[in-house]
Amino acid sequence: MNDVLIHAENAVLTLTLNRESKRNAFTPEMYTCLTDALKQAQNNDEIRVVILQGQETFFSAGNDIADFLNPEGFGLHSPVMAFLQTLASFTKPVLASVCGPAVGIGSSLLLHCDLVVAGDNAAFSLPFVNLGLCPEAASSLLLPQLMGYHRAAEALLLGEPFMAEAALEVGWVNKVVVPSQANLVAKRWADKLAAKPVSAVMQTKALMKSSSAQGVKEVMQHEASVFARMLTEGPAKEALSAFMAHRKPDFSKA
Ligand code: COA
């Protein structure tokens, strides 16, 4: 079974995370599949909007923790970096539909999406510090910009989850609906966007992103080099090995 399902219909490309047994934890193969799909969508005039979605009970458990045990996989030229950079520089609208847990990169990637609809069961968390790690996906830049320093510190230092309504309040998501409606709402928005003049949509996105794009790229690269180093250090090794030994990380230690 494919871990990412790809479906194109009426100018909308839908990418569905489909690794249910591991709660859609991302593998390098999934990043590469998403990167390739985005690049093809970028060059295909028939695709005007992309949707990234999960299931009604979970969006993603973040990076596959088993892969964290191979720090070489997290350098500047890694599949995860290629995915993040492709998503961050993608010029057509990207919509996300998020229900249930959205952990780590499952939350931070949303900072590079244009519209986010959440199920009322969505829980956004960035538990990097609890795993002995640091933020990625330029979340150390974008989260404080989005919600203010102190709330970003709550998310990034304490690793506290933000439930759907709190995420709506701080502007992390656009709308909260019952989980069964989330993917439908994303599709409705996508169809609406696809019907608008494509040049106006893309130009507007480009203008909104233009002043921050270079900074986002630089911060993402800086975070990646720190992250790769921290993966080799004691606290991360201990937390990740604990998870692999089927003990959930103890987030209360934060
Ligand atoms: N990497 C690898 N495997 C993961 C995973 C991850 N990030 N998250 C979950 N899994 C696996 C579990 O090991 C389990 O596998 P098993 O059935 O072979 O034992 C399976 O997915 C189901 O996980 P489980 O914890 O039972 O599901 P849940 O619905 O009760 O909880 C989460 C879902 C996402 C809340 C929970 O799995 C979790 O906290 N995961 C860790 C998230 C994390 O710390 N990610 C790193 C972010 S930087």
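The points below go through the strands, the hairpin and loops, and then the aromatic residues.

1. A word on the ground rules. This is a predicted model, in which local features need pLDDT of at least 70 and side-chain atom pairs count only at pLDDT 80 or more, while totals for chains, interfaces and linings use all residues. Residues are numbered from 1 along each chain as its sequence is written, and side-chain values use heavy atoms, with hydrogens and water left out.

2. Let me begin with strand β2, residues 12-17. Helices (H or I, at least four residues) and strands (E, at least two) are DSSP runs, numbered from the N terminus. In β2, 6 of the 6 residues are buried, so the strand is largely enclosed by the rest of the structure. Buried here means under 20% relative accessible area, exposed means over 50%, and partly exposed lies in between (1.4 Å probe, protein chains only). V12, T14 and T16 point one way from β2, L13, L15 and L17 point the other way, and all are buried.

3. What are the pairings of β2? With strand β1 (residues 4-9), β2 pairs in the antiparallel sense over 6 bridges; two strands pair if DSSP finds at least two bridges between them. V4 has L17 in β2 as its bridge partner. With strand β3 (residues 49-53), β2 pairs in the parallel sense over 5 bridges, and there T14 stands opposite I51.

4. Moving along the parallel pairings, β3 is joined to β4 by 4 bridges, with V94 in β4 as the bridge partner of V50. Another 4 bridges join β4 to strand β6 (residues 115-119), again running parallel, and L95 stands opposite L115 in β6.

5. Is strand β4 (residues 94-98) enclosed or open to the outside? In β4, 5 of the 5 residues are buried, so the strand is largely enclosed by the rest of the structure. Both of its faces are covered, with V94, A96 and V98 buried on one side and L95 and S97 buried on the other.

6. Please check the backbone at a few loop positions. Most residues other than glycine have a negative phi. In the hairpin of β1 and β2, which has 2 residues between the strands, N10 takes a positive phi near 50 degrees. A11, found in the loop between β1 and β2, has a positive phi near 70 degrees. R23, in the loop between β2 and α1, has a positive phi of about 50 degrees.

7. With 46% relative accessibility, R23 counts as partly exposed. R23 also lies over the face of F58, at 5.6 Å from the ring centre; a charge sits over a ring if NZ of Lys or CZ of Arg is within 6 Å of the ring centre and within 35 degrees of the ring normal.

8. Finally, the aromatics. The structure holds 9 aromatic pairs. One of them is F26 and Y31, which are stacked at 5.2 Å centre to centre with 10 degrees between the planes. Rings of Phe, Tyr and Trp (its six-membered ring) pair if their centres lie within 6.5 Å, and planes under 30 degrees apart count as stacked, over 60 as edge-to-face and the rest as tilted. Both F26 and Y31 are buried. Elsewhere, F68, F74, F128 and F227 form one aromatic cluster.
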